[in-house]
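Subject: Structure for you to look at

Hi there,

Here is the structure I promised to pass on. Have a look at it first, and then read on for my notes.

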Amino acid sequence: MSIKIIASIVTCFLITSACASPATSEKNSELTAEQMMAYLVDDDKLGRETGSKPMKEIQDWLIQRFQEFGVKPLPNQTTYIQNFTTRYQGTELKAANVIGYIDCKCDNDRYFVIGAHYDHVGMNPELDGDQIFNGADDDASGVVASLIIARELAKAQKLPFNVIVAAWDAEEKGLLGSKYFVDNPLVPLEKIESGFMFELVGSKSEPNNAWMTGFKYSSLYPLMKKQLAKQGWTLGEDPFAQQMLFMRSDNAPFALMDMNREKGNKVFNQGEKADIKGIPVHAISIWKGQNHYHKVNDDLSVIDFENLTNFSLAISKAIQSIPEDTDITWLDNPHFNFKRP
């Protein structure tokens, strides 16, 4: 998206806010999904590759959103930033997760984690024409959903759990940001009850329909299916279950803490169950195989902003309606003998 278009959006937003009546000014001052998405996918972000110059600016922008919405640094933390250094294809990369939380204002000391990765795959200078992978659906849509949900949850008088809100870095390099958090947790892992990550939730697809990875593995699926139905949404089973997407998003470092090659071979080549330590965290998506994944056409044109916004509002209401005494449990399944940490 061009700088002129961004300037136009910002100008219209400022004019709308300034002219709003006192009764509507708060509502009109809230950034829309379109405005947040436009920022994240602008060409000046260079495809949001981990370690690239624009990532520090994006981190600052995310922190501003957290502060505006009332998302605080985690207990005993003074910053939203979890810095880490990693190596990818022989190059050292400086990366950072942006993490905060919403106090449940309840007697519960457990956490429910939501999040998405804000990095993408950058640029390919060898391409003719467009060389920037803007990553609107993957995964700016998940970041926008997380922000809208956080904004709504922060308004609630009471929540069933404390809610961790995370924007992960280096997912495209191998789920490195979420893995770093699990290996270097900022809250006790045993206090994390459950949660989900948002992957490609902006796709133009069947309205009010989403699906969850690992739907057979824990009680989170039937619980969220029931709660979302109350909001007019269908939460279906993973249509790509054979691809084991449960293992390929930022939920995996939480759910499959001690997964290794030997255990993977046991499950997928020998047909046996493996013992796995993990927290029941899943991924939710709306994408149904549309042809923009990891391509330069993953831009604003592929996003259904109305559906993305409605999805985010439905998720926030579903979380708020979970009973406070809920325990999310691992279920018997064909692949893993799960045990919590």
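Predicted model: local features only at pLDDT ≥ 70, side-chain atom pairs only at ≥ 80, totals over all residues.

**The nonpolar cores**

Let me start inside. The largest nonpolar core has 69 residues, and the members that touch the most others are Phe-196, Met-224, Phe-311 and Ile-315. Helix α5 (residues 136-155) supplies the largest share of this core, with 11 residues. As general background, nonpolar side chains in soluble globular proteins tend to be buried together.

Apart from its neighbours within four places in sequence, Met-224 contacts Phe-196, Met-212, Leu-235, Ile-315, Ala-318 and Ile-322.

**How the helices pack**

Helix α5 also packs on helix α10 (residues 305-320), at an angle of about 45 degrees and with the axes 9 Å apart. That angle makes α5 and α10 oblique to each other, and the crossing is right-handed. On the α5 side, the contact includes Val-144, Ala-145, Ile-148 and Ile-149, while the α10 side includes Leu-308, Phe-311, Ile-315 and Ile-319.

Helix α10 has another partner in helix α3 (residues 33-41), where the angle is about 110 degrees and the axes are 10 Å apart. Angles of 65 to 115 degrees count as roughly perpendicular, so α3 and α10 are described that way. Here Ala-33, Glu-34 and Met-37 of α3 meet Phe-305, Leu-308 and Thr-309 of α10.

**The disulfide**

How many disulfides does a search of the whole structure find? The search gives one. Cys-104 and Cys-106 form it, with their sulfur atoms 2.1 Å apart. The link between Cys-104 and Cys-106 is left-handed, with -90 degrees about the S-S bond. Are these two cysteines buried or exposed? Cys-104 is buried, at a relative accessible area of 1%, and Cys-106 is buried too, at 17%, since the cut-off for buried is under 20%.

Arg-65 belongs to helix α4 (residues 54-69) and is buried, with a relative accessible area of 5%. Leaving out neighbours within four places in sequence, Arg-65 is in contact with Leu-31 and Leu-147.

Asn-108 sits in the loop between β2 (91-102) and β3 (111-117), and it counts as buried at 10% relative accessibility. Asn-108 and Glu-324 are 216 residues apart in sequence, yet their C-alpha atoms are 7.6 Å apart. Not counting residues up to four places away, Asn-108 touches Pro-160, Phe-161, Asn-162 and Glu-324.

**Backbone points to check**

Most residues other than glycine have a negative phi, and most peptide bonds are trans.

- A cis peptide bond joins Asp-138 and Asp-139, with omega about 0 degrees; Asp-139 lies in helix α5.
- Gln-89, which is not a glycine, has a positive phi of about 50 degrees. It is in the loop between β1 (81-88) and β2 and counts as exposed, at 71% relative accessibility.
- Leu-200 also has a positive phi, near 50 degrees. Leu-200 is in the loop between β5 (192-198) and β6 (209-212) and counts as buried, at 6% relative accessibility.

Happy browsing, and do write back with any questions.

Best wishes

Key
Residues numbered from 1 in each chain as written. Heavy atoms only, no water. Core = buried A, V, L, I, M, F, W, Y, C linked by side-chain atoms within 4.5 Å. Buried < 20%, exposed > 50% of the residue type's maximum accessible area, 1.4 Å probe, protein only. Helix = DSSP H or I, 4+ residues; strand = E, 2+ residues; numbered from the N terminus. Contact = heavy atoms within 4.5 Å. Disulfide = S-S within 2.5 Å. Axes fitted to C-alpha atoms, helices over the stretch in contact; angles between N-to-C directions. Parallel < 35°, antiparallel > 145°, perpendicular 65-115°, else oblique. Left-handed = near helix turned anticlockwise from the far one by under 90°.
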